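Subject: Structure handover

Hello,

Here is the structure I promised to pass on. Please open it beside this email and follow along.

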Amino acid sequence: MTLIKEPDHGTPARPGEATVAVEIDGTEVLVPEGTSVMRAASEAGIDIPRLCATDSLEAFGSCRLCLVDIDGRKGTPASCTTPVTPGMKVRTQTPELAGLRRGVMELYISDHPLDCLTCPANGDCELQDMAGVVGLREVRYGFDGENHLDEPTDSSNPYFDFDASKCISCSRCVRACGEVQGTFALTIEGRGFASKVAAGAGGSFMESDCVSCGACVQACPTSTLQERSVVELGMPTRSVVTTCAYCGVGCSFKAELRGDEVVRMVPYKDGGANEGHSCVKGRFAFGYASHPDRQLKPMVRERITDPWHEVGWEEAIGHVARRMLDIQARHGAGAIGGITSSRCTNEEVYAVQKMVRAAFGNNNVDTCARVCHSPTGYGLKQTYGTSAGTQDFKSVAKADVILVIGANPTDGHPVFASRMKRRLRQGARLIVADPRRIDLVRSPHVEAAHHLQLAPGTNVALVNALAHVVVTEGLVDRAFVAERCEDFEAWERFIARPEHSPEAVAGITGVPAEELRAAARLYAGAPNAAIYYGLGVTEHSQGSTMVMGMANLAMATGNIGREGVGVNPLRGQNNVQGSCDMGSFPHELPGYRHVSDDAVRSVFETLWGRTLQPEPGLRIPNMFDSAVDGTFRALFVHGEDIAQSDPNTRHVTAALSAMELVVVQDLFLNETSKFAHVFLPGTSFLEKDGTFTNAERRINRVRPVMAPRTGKHEWQIVCEIAQAMGYPMKWDDASQIMDEIAMTTPTFAGVSFGKLDRVGSVQWPCNDNAPEGTPIMHVDGFVRGRGRFVETVYVPTEERSTRRFPLILTTGRILSQYNVGAQTRRTGNVAWHPEDVLELHPHDAEVRGIRDGDTVALASRVGETSLRARIDDRMPVGVVYTTFHHPATGANVVTTEHSDWATNCPEYKVTAVQVALKRPPAAEPAATGPVAAGER
Amino acid sequence: MAPPPVAAHVRLANDIAAQFRHRDPAAAAAEIAAHIRAFWDPRMRARLIEDAEAGHGGLDPLTVSAAALLAAPAR
């Protein structure tokens, strides 16, 4: 495959029907109203020379290269800023235009280094291209005049350089930072000849607000902003379109390579989720795949205190199978189980759950979604009929009011956040419900109309109060409710009770009643209001109740079933949606169908040739409890570091230590592998062949750019374990797994690798009713028929602050790092976040004698760790916050056993803690937390 | 002295019960039992039934009623 270059029409497409007819160089073209002459020409196959224009940005009209001649118009207008009008006649090539363009290029080149042959952008430089296009042969002004050739290079960013000597001041980077990313970190400083691009207040890129999304690098027409990997490795020669392996946005990328070496990841314009945008993780943080820490050979050991020794695949697989069978012979079929990974492909996840159900002969399979979005599965299924966000990402562009609850999109889902911020800049109103003042509350050109700064653990009281206002102030969409919903009357009576009023719950939530009433009116009064939420909703003891509360609110106001509305979980990991879809939960077969359903089970039993168990299996926390009590003895852990990510580390490690066999399959040795007896090396996303399903249910291809460095695909290894255990399980390639998924799972019936290669991506349900997929759900009716209102009682968490533990800890993530950090800690992203820190309010710091940067002890009733303090009034008094990206700090040492009542999803967001000064700032934070005996 | 830790299945069952406390007791017990039947591994259910029958002091009365429904033969 060669290098893919997507077409660039110069200016953005305009919506609507193509109704305006124009003639360009004698060719008729029909385009929507508002289209630029430049784009109309491009769509007719006529390229007009340009430098400052690109179709990801609004026209700017600064380079004066795209001049055209238009009948009846004076002068030579810029085609990028001139909209078409009916009957317009345009000429793009005349001797006068050619002269003007050459003149412009002469000026540019007179102030540009003539180092094309040694420039890293040689062959991929629009300035170079345009010099050729306009036929530039000489520069009459010479090169000795005043120039910018001695401008310095800013190499402060770990991934790209800013070489000011090559800058043509086209402003594409500045506009990309604003229009595409929405950060506004860049500006043009100075006037006239002194104009130059500046980051922030004139410091370096790293000192500025730059979030390193790469939009500026993408937009730069020269080598001014250039990936350092291109400087070091040279221009790539081929592309493979694949899907990012970080968050649930699921951005499409072109992996650009020289041979088998990835030079850079470039966001793909045709990617449905990201449409050419990216964040610092997907764009730049892929180096972990080739990090020397990668373990590439299987390893076994008898005891967890023994050293590892490398073995061949056959020996490792045989060892796993023998030990699993032996444990089942001694302790019963239900004594073993497996955990699937949301970082793996649908095909790999499907294979693992099949191995557990068919080869292990039980339903002890669960997934890391247990600890993040399992309440979404429960809550949305109860109310709407299926576990899925209702919208595609594009839908946010039609929202008039956006309610963000318990999510921090600019850090957790940055590419979607850019879409959201674009809509907010256009005038949509924003309500943020979060204990922490996240960046969205106030950032350049974005300010929330209401920040409902509620106390952690009081979401349900808040959403009930919002609904109370809707019901008692006559804001219900009664036509929608009557036509589409059920159980409304009972819910209406419940929610109208005085105890749900904003005034009644203000003492619980801490949100002033008038503020909450105003927010409810804003949401309910909008033509289109959309809810976006994250783990700040689900990771609570009432997570499922809160999901149902939001679903109630959206139904009551008629905000379901069209663009611009909906209830949308922002999924944490790349394939959380997919791992849940693929039957990873112990009570559900693929497609969210209960294991007790005889008809569904028989589909799989017929195909798989095994009798399946009709009872639910153990969930992850149940596996740990059962391991401690001795009834659960062996675990296959696929791509998840449960010893770091799961709550109450002491309990998790006790459970792992109690098991006879722990098998870990991962890229790196990790906290969990310290307790493992077998390590099976995994493949990075660059080696995988399969699909990921993102938070908008979009199924995207993951294409291998190189063969598995371990010698085997992960699904092959799973098959071989199953076979060694006596169950024949075989596919020739990953496409056959998807074919089996399509055969057994109605919502995937129309999905195949062939279709994905043809159309790019599809959103499930994809079947005969919707052959091209379903961007928006519940359009004509809910999946369950009628949407069901559920009474959502607010039951406070048992986790309370006390005299001993007077603060509440809540946790989250940061832009540059990802989950347990296994990937991002092994990249240049550590430049932004080398350690987890504890954010606390100045008041809470002062009364404890803590200064910014001090090392503090963070203790709960289950454990203690230490980390540095950051004093910040983002947090309200009494609430502290940290991330969980670094094992050295081990935030989950302190989180507790409390969990969502319906799903067992841990209550990460509410832990009663105490914070105390530990050491002066110069000292390093101590690595604490439970460890395996003999490991440290 | 700290109270003895509550067994996970007892804590979980009581958490479920708390969600249905606003319903009339018979309906609540039926909902709790249905939830546990749909989501719990049989060995956890057996432990709950055993504790309820043994009069475990930590169980919510609604949980005890639900456990009785779980213990009854399936209809």
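One definition before the details: UniProt positions are given in the numbering used here, feature names are shortened, and annotations may be inferred rather than shown by experiment. Keep in mind too that this is a predicted model.

**What the record says**

The UniProt annotation "domain: 4Fe-4S Mo/W bis-MGD-type" covers residues 237-293 of chain A, and it comes from an unreviewed entry. In the model, residues 237-293 of chain A are 9% helix and 35% strand. The end C-alpha atoms of that span are 28 Å apart.

UniProt also places "domain: 4Fe-4S His(Cys)3-ligated-type" at residues 96-135 of chain A, again from an unreviewed entry. Residues 96-135 of chain A are 57% helix and 0% strand. Their end C-alpha atoms lie 14 Å apart.

**Confidence**

Chain A has a mean pLDDT of 95. In chain A, 98% of the residues reach 70 or more. Residues 923-936 of chain A are another matter, with pLDDT below 50. This stretch still has 33 contacts in the model, beyond near neighbours in sequence. Where pLDDT is low, the predicted coordinates should not be read in detail.

**Domains**

The domain assignment of chain A gives these parts:

- domain 1: 18-93
- domain 2: 153-290
- domain 3: 299-372 + 575-690 + 709-727
- domain 4: 374-569
- domain 5: 807-919

Look at domain 2 and domain 3 of chain A. Their C-alpha centres lie 39 Å apart. Five residues of domain 2 of chain A are in contact with six residues of domain 3 of chain A. On the domain 2 side, the touching residues divide into four nonpolar, one polar and no charged.

**Nonpolar cores**

In soluble globular proteins, nonpolar side chains tend to be buried together. Here, the largest nonpolar core has 173 residues. Within that core, A:Ile402, A:Leu466 and A:Met550 touch the most other members. Helix α13 (residues 459-472) of chain A gives the most to this core, with 10 residues. A second, separate core has 75 residues, among them A:Ile336, A:Cys372, A:Ala627 and A:Val678.

Now pick out A:Met550. Leaving aside neighbours within four places in sequence, A:Met550 is in contact with A:Ile405, A:Val463, A:Ile531, A:Tyr533 and A:Val567.

**Helix α10**

Is helix α10 (residues 374-383) of chain A largely enclosed or largely open? Eight of the 10 residues of α10(A) are buried, so the helix is largely enclosed by the rest of the structure. The buried residues are A:Ser374, A:Pro375, A:Thr376, A:Gly377, A:Tyr378, A:Gly379, A:Leu380 and A:Thr383. They pack against α18 (535-538), α19 (543-556), β24, α20 and β33 of chain A. After α10(A) comes A:Gly385, with a positive phi near 110°.

**A buried glycine**

A:Gly572 sits in the loop between β24 (567-569) and α20 (576-581) of chain A. Why does A:Gly572 count as buried? The cut-off for buried is 20 or more other C-beta atoms within 10 Å. A:Gly572 has 24 C-beta neighbours inside 10 Å, so A:Gly572 counts as buried. Not counting residues up to four places away in sequence, A:Gly572 touches A:Cys247, A:Gly248, A:Cys372, A:Gly412 and A:Leu535. A:Gly572 and A:Leu756 are 184 residues apart in sequence, and their C-alpha atoms are 23 Å apart in space.

**Backbone details**

- A:Ser169 lies in the loop between β6 (160-163) and α4 (172-181) of chain A. Phi of A:Ser169 is near 55°, a positive value in a residue other than glycine. A:Ser169 is buried, with 22 other C-beta atoms within 10 Å.
- A:Asp487 lies in the loop between β22 (485-486) and α15 (488-495) of chain A. Phi of A:Asp487 is near 60°, also positive in a residue other than glycine. A:Asp487 has 15 C-beta neighbours inside 10 Å and counts as partly exposed.
- A:Pro765 lies in the loop between β32 (761-763) and β33 (787-788) of chain A. The peptide bond from A:Trp764 to A:Pro765 is cis, with omega near 0°.

Best wishes

Note on methods. Residues are numbered from 1 along each chain as its sequence is written. Chains are lettered from A and ligands numbered from 1 in the order in which they are written. This is a predicted model: local features need pLDDT of at least 70, side-chain atom pairs count only at pLDDT 80 or more; totals for chains, interfaces and linings use all residues. Helices (H or I, at least four residues) and strands (E, at least two) are DSSP runs, numbered from the N terminus. A residue is buried if 20 or more other C-beta atoms lie within 10 Å of its own, exposed if 12 or fewer, and partly exposed in between; C-beta atoms are placed from the backbone. A nonpolar core is a set of buried Ala, Val, Leu, Ile, Met, Phe, Trp, Tyr and Cys residues joined through C-beta atoms within 7 Å. Two residues are in contact if their C-beta atoms, placed from the backbone, lie within 7 Å. pLDDT is the predictor's confidence in each residue, from 0 to 100. Domain bounds come from an automatic or database domain assignment. Ala, Val, Leu, Ile, Met, Phe, Trp, Tyr, Cys and Pro count as nonpolar, Asp, Glu, Lys and Arg as charged, and the others, Gly among them, as polar.
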